[in-house]
Amino acid sequence: MRLVPTSMCRPGMKLAKKIFSQDGLVLLGENVELTERIIARLTELGIQFVYIADARTADVVLPELISEDTMRVALTEIRTNFREIMERPNRRSAKPRIFIDKPFRQMMNMVIDDLLSRRDAMVMLMNMSMVDHYLYQHSLNVCVYTTLLGIAHGYSRDELMTLGLGALLHDIGKTRIDPGVLKKNGSLTSEEYEEIKRHAELGYLILKDEPNIPLLAAHCAYQHHERLDGSGYPRGLKGDEIQEFAKWVGLVDSYDAMTTNRIYRSPMLPHHAMEQLYAGSGSLYEQRMLQLFRDKVAIYPIGLSVKLHTGESGVVVGIHSSCPHRPVVRVLYNEAGEALKIPYEKDLSRQLSVMIVGVDDRAQSDALAATAD
């Protein structure tokens, strides 16, 4: 399979991975042949990348962080409970309801179990082939990525439950923000930006009195936009004034925001997002947390077409959990840009002199044209 921009898809190509709705339901299955109408619809839905079948990479399997069942249960719970909060504009006058109870904890146990069964799992892009809701999918992504980092860090299961709930609910305050402001296509006014910033405190106020929510999880909502140097909001906290779990959530929240499609901009690929995060090392984010995150992020996703400094180009077909920034690349084109009759692989974890210098859109285009034919 190949990870391909939707803008480069052509009729006749076949999907290599399912396309999911924002509720976790299958919209298009594997091996569905693309038409002009389907491609246009995917573009309208904001899906910027899809996995396309390619004979030369037919053996490539994309590992999943969580199962389809877990994802479906999680998105159902998120949608149901977040919508319920959106529909009670004045919580104090509404009938009290404990919205995080057994179902959400069951969901978190499923996420933790899935991740514990994949000890070598890397942070992969979860929403490349999913119709994204501005809140639901982002909340799940941040929950899964943060819980994975918590496992790598060595937190206990009880700590993982608290951390995961805090990550899942970090943006719950956005349920009280005008959707028109959240989805605005264009620059925000200063008043609109201040309105957006209120979501951190609103989230804390929603969560702090919920009997089944640990107070640490509520502080993840309150503090996930605070930064080490005091430049964050809402309180301008610095360094150790910021709760540790909130620091993890803030780091992952930034990463997922960068790598997710939004109305006002296209998503970054992981290697660009990591560069942006490292620019804030020690000033915005804890260096030790960034280092662990770097070691757990597949910055060159499986299926991505890349160009090597040698002039060769190909597709990422494998990732080493111990060295994720040095993947295995199947070389499909030689230095002259000619397609190879017999592709070969380069393991960059062993061939340390070989460097990835960029994404190879030309290789993608050529390969896709051949696939469509």
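**Strands and cores**

Modeller: Just so you know, this is a predicted model. Let's start with strand 4 (residues 49-52), which is covered on both faces: Phe49 and Tyr51 are buried on one side, and Val50 and Ile52 are buried on the other.

Colleague: Nice. In what sense do strand 1 and strand 4 pair?
Modeller: Strand 1 (residues 2-5) and strand 4 pair in the antiparallel sense, over 4 bridges. In that pairing, Phe49 of strand 4 is the bridge partner of Pro5.

Colleague: Switching topic, what is the strand order in the open sheet of 5 strands?
Modeller: The order is 8-7-6-5-9, with antiparallel pairing. Strand 8 (339-347) and strand 9 (356-359) are the edge strands, each pairing on one side only. On average, neighbouring strands of this sheet are turned by 35 degrees against each other, direction ignored.

Colleague: And how many bridges join strand 5 and strand 6?
Modeller: Strand 5 (residues 305-308) and strand 6 (residues 313-318) pair over 3 bridges, in the antiparallel sense. Val306 stands opposite Gly314 in strand 6.

Colleague: Now the largest nonpolar core: which residues touch the most other members?
Modeller: That core has 90 residues, and those touching the most other members are Leu115, Leu140, Leu169, Leu207, Tyr255, Leu277 and Phe293. Helix 4 (residues 136-153) gives the largest share of this core, 9 residues.

Colleague: What does Phe293 touch?
Modeller: Leaving aside residues up to four places away in sequence, Phe293 touches Val123, Leu149, Leu251, Tyr255, Met274 and Leu277.

Notes
Residues numbered from 1 in each chain as written. Predicted model: local features only at pLDDT ≥ 70, side-chain atom pairs only at ≥ 80, totals over all residues. Heavy atoms only, no water. Pairing = 2+ DSSP bridges. Helix = DSSP H or I, 4+ residues; strand = E, 2+ residues; numbered from the N terminus. Axes fitted to C-alpha atoms, helices over the stretch in contact; angles between N-to-C directions. Buried < 20%, exposed > 50% of the residue type's maximum accessible area, 1.4 Å probe, protein only. Core = buried A, V, L, I, M, F, W, Y, C linked by side-chain atoms within 4.5 Å. Contact = heavy atoms within 4.5 Å.
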